[in-house]
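The following paragraphs lead through one protein model, from its overall make-up to a few selected places. Please keep the sequence and the structure in view while reading.

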Amino acid sequence: MAPCCPHKMIKMEKTLHLKSSRGRKVRVVREHYLREQVPCYSSLCLASCDNDGKVLPGDLTHYVVPDVGVVLDYQEILEFRELQGIILTQTACQAVHHCKGRRQYNRLRNLLKDPRHDCVLFANEFQEFSFCQRENGESQEQWQTRCVYSAAVWYYNHLAGMMAVVMITENQDIINQYSNLQSGVYVISVQEYLQNFWLELRTAHELYRSIRQALQEKESECTEKEFTEHLPAEVLEAGIKSGRYIQGTLSVNKHRAQTEASVRTEGLTNKNTELSSEVLVYGNKNRNRAVHGDVVVVELLPKSQWRGKVSALTEGQLEEKNGEDIQNKPMPTGSVVGILQRNWRDYVVTFPPRESPQSQSRNSQRILTVPWDHRIPKIRISTQQADALQDHRVVVRIDSWESTSLYPNGHSVRVLGRAGELETEVQTILIENCIHVPPFSDAQLREMPVNSPEKPWKVDPSQVAERRDLRESHLVFSIDPAGCEDVDDTLSVCSLAGGKLLELGVHIADVTHFVAEGSLTDLEAHARATTYYLADRRYDMLPAILSADLCSLLGGVDRYAMSVLWELDAHTLAVNKVWYGRTVIRSSYQLHYELAQALLNGEHAEVPELTQFVSSEKDAKLAQLKQALEMLTHVARHLRAQRDQGGALELEGVEVRAQLDNEKNITALVPRQPLEIHETVAECMIYANHWVARMIQEVFPHQALLRQHPPPRQEFFSQLVESAKSKGFAIDTRSNKALADSLDKAVDPQDSLLNRLLRMMATQAMSQAMYFSTGAIPQDQYYHYGLALDRYTHFTSPIRRYADIVVHRLLAAAIEVESGRSPAKALASSKELEELAHHINRKNRAAQQVQKVSTELFQCLYFKERDPHKDQCCVANAVIYAIRDNGVLAFVPLYGMKGPAYLKNREGQVLSAGQDGHCEWQSGSVRRYSDCITTMSSIGTTTFTLFCHITVRISVQSLRCHADSVNLEVVSNRPHRSVTLHQTESHSRSQLVQEVVRLAEEASQQAQGKATRLSKLSKEEQEFCQSKSPNLYLLLEEIRELSLMDPAMCNHSLEIVMGSK
Ligand SMILES: [Zn+2]
């Protein structure tokens, strides 16, 4: 049907009563056109509505129409993806816009847009037969109710009575008034609705109860003011423009959350030139109900009230970047006068235990809960389950923070479990990092191709016709860690033109063939942005049928690939020609690193794929494979040398690898001679990423997704330079090449850890690599500092990174454009791409954070079980890598952990070492120098020097409401006696994760009885156990831990180590 066909329209006048921004009431008369045809978005439609886009299914028992009050107050319930057949009326949506503001309105719009939610918008006020004229004397609320009811009736009639319609409301009067008017249209309460139709959706019931409780409490709020009122938006705006106020994002100091926060100003909108980029907000009154992350407006206090940040050292010093030193001198200090945007998220809180003094007011059922994140204030929750929730971790949302209340009010969303239990803690980590990884839904899985013994998946002849078929012409193989099941990259190399030319090929899983843009699977992958690796599990970005099967370039089977083929001069290796395109491949060999290296070294090695051949044929094939590996090595050496000349950095070496058994469990971590083949594969991947970056950037100069790594700020290198100097090494940081060269030379033959520690410091000083849209920054900033390449992107891991999926689509579009066709789908604008890049960057940081925090969780769970004074596991060798005022930061290689070790305690005692090196607490003093720290007591003077080896005792500091932390206590200023390298190191590390998992399982079995365990798993628990194969994760994790990587840096450094595999 043509969109503009002349339907009958009736002109109406609609009177609106609006409130102006100054609070004046205005009456507006608008012309309002009613139509006969307004889309119903139902698949049952018989009236040929113009139902474009999402439609409600026809096989439901009913559709549900929430009234205005429900949409306003219970929107979170409507956000449950399980609910089906939801019709949101225009009347309700407008009310949300009007009463709740843009933020909540946008959430509603996103809900409507998101195909994963089964809800549609009905423009009821434009529909001739559902529109209701407001009557004289009718209140706004009454009229709105009539409109919504009339819409419900319209649906019932429009669908010819084929679908029951349920209107839900929280107003008993409405139920009384409307429930018996028309058969087929029911009016019930939200509670009845949930009980009748969604009894199993326990979390929705809980959420409903907690919202209702919070609403009731809000009505009975007292009126005494605790805080100054916020100024109205227009006053704030004018104040910012005039320079009187400053706008910025509030950031609370984690270590002094009660008192210290600061506002980072955005841009240079303020005219106050005296200001640096930061304003201190001291104390609760000045913070005036702003929460960490909110966009606030501050007014400066008179200079006499300015203060400095506190410089006393507390735990967590290792988080600080060097260069950002703490200063005591007074800085601009202000107070919050208004809030422009609340950035509240879901918070995990802990309910206080019974003994707590709070329980006296338990009758009121308003409980002060403590957020897991130190920076968030206590949240007051109204609940009837206070007793049951003691010592539990619960997800809550903040509803409001009135000026009459010392604390924000919130409601609970769902219960995670008892604090301290493994599953509870893992879920806490995920929620605190805004990571939502539900199991893939049935609807998503229905989009997936089938591959079963009865119905094996085969390549499609029409696809073969469109693709370049490399199955017969090219020897394709993969090289991965042993046991790897998600093979997303393969290689090929061959000689052309009688040896004058070489052809190098990189063939990547063609994920975008299976994941259509905008499909449910695509939306989910986009939302996740990456696969998440935790210490004991992983959450995949794509369903297993793709990641472990059809997209995995396994040996001996036909697979679709996205290929880059370079034609190189055999002698100079200069690029003659590059071909990009979709292919069909069949990998001949699925090699692992050791096997490939053994072949290269001419050692005897059994290639599993060749066992079936007779010896003459086998020898020929083996010779062919060896030759290919040799050619590959030759090319990679050349490419690496090219980048080395440009200044590519190798920040740390890989020193262990994980050995996996048949079930993909880590059986051992084996120290390994760095194999050249690792670098060879890595180099080819870097090359492919680089050439794809060139291609998409050249074809779409303003709309390509690339990855930059900005050069570091020189001042961040000061700690590295000073530390190296204390050991007699000069580190030159003027360029990446100089840095790489000088790091290579900084080797102490007596202490292999030194070089690793220096590389760690270099890594910490670096900025983080980030995705960006080429339209957003000038071309001279595209540079990748770590890899020394002018353009770089991610193309080689589409199974586990969404950026690569985007890049595959861009490449496919670029190929179309190059061949003179226009791309099938419109490209994302630079602005959209920039937003996407921000989203992926954010999710990557979250992924790194959960990786780090989950590792720390396992470390704490491991040591919590042990008596630090009896168990030998708790005493270990450590190396001092930084000096602080009252202690040192130490690294424990055995467990790959870092932490502060205090030399002065709260009682003012200091640690002194006796003749044998054994340390004890004595009264005395401490003195810090640039490369050492000394303690003086009656025993004598003890010096702790940078990079010296000491012995520490590891214990766990338990914080009930927050994450536990590891505590290092210096036992001796000499190295631990039983220092044996790698063997013990690897042994303990893998044991740690295994043992913690075993203990957690035992504990839960004891608590619940093994038989009931499975059935008692809540939906959330099942949801969070998606996958328990941590193979790749652990491999990466070992590299990170043992090379002392800062997790914030882990991404691009892995790129360097692993070549973006
Ligand atoms: Zn219709």
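Helices (H or I, at least four residues) and strands (E, at least two) are DSSP runs, numbered from the N terminus. By this rule, F947 has its place in the loop between β37 (940–945) and β38 (949–957). This is a predicted model, in which local features need pLDDT of at least 70 and side-chain atom pairs count only at pLDDT 80 or more, while totals for chains, interfaces and linings use all residues. Residues are numbered from 1 along each chain as its sequence is written, and side-chain values use heavy atoms, with hydrogens and water left out.

The secondary structure of the protein comes to 29 helices and 39 strands. Of its 1061 residues, 55% count as buried; buried means under 20% relative accessible area, exposed over 50%, and partly exposed in between (1.4 Å probe, protein chains only). A contact means heavy atoms within 4.5 Å. Among the contacts in the protein with a separation of 6 or more, 69% come from residues 24 or more positions apart.

F947 itself is buried, because its relative accessible area is 2%. Its phi is near 70°, a positive value in a residue other than glycine. S48 also has a positive phi, of about 45°, although it is not a glycine. This serine lies in the loop between β2 (25–35) and β3 (62–66), and it counts as partly exposed because its relative accessibility is 46%.

The ideal angle for four tetrahedral donors is 109.5 degrees. C40 counts as buried because its relative accessibility is 0%, and C49 counts as buried at 12%.

The axes of helix α3 (residues 90–100) and helix α4 (residues 102–113) come within 7 Å and cross at roughly 155°. Such axes are lines fitted to C-alpha atoms, for helices over the stretch in contact, and angles run from 0 to 180 degrees between N-to-C directions. The two helices α3 and α4 are therefore roughly antiparallel to each other, a label for angles over 145 degrees. In their contact, C93, V96, H97 and K100 of α3 meet R102, Q104, Y105, L108 and L112 of α4.

F227 lies in the loop between α8 (202–219) and α9 (233–242) and counts as buried at 6% relative accessibility. It touches, among others, N284, R289, W401 and L406, not counting residues up to four places away in sequence. F227 and L406 are 179 residues apart in sequence, yet 7.9 Å apart in space, C-alpha to C-alpha.

Helix α11 (residues 422–432) is the last stop. Eleven of its eleven residues are buried, so the helix is largely enclosed by the rest of the structure. Just after α11, C434 takes a positive phi of about 55°.

Definitions and conventions: Angles under 35 degrees count as roughly parallel, over 145 as roughly antiparallel, 65 to 115 as roughly perpendicular and the rest as oblique.
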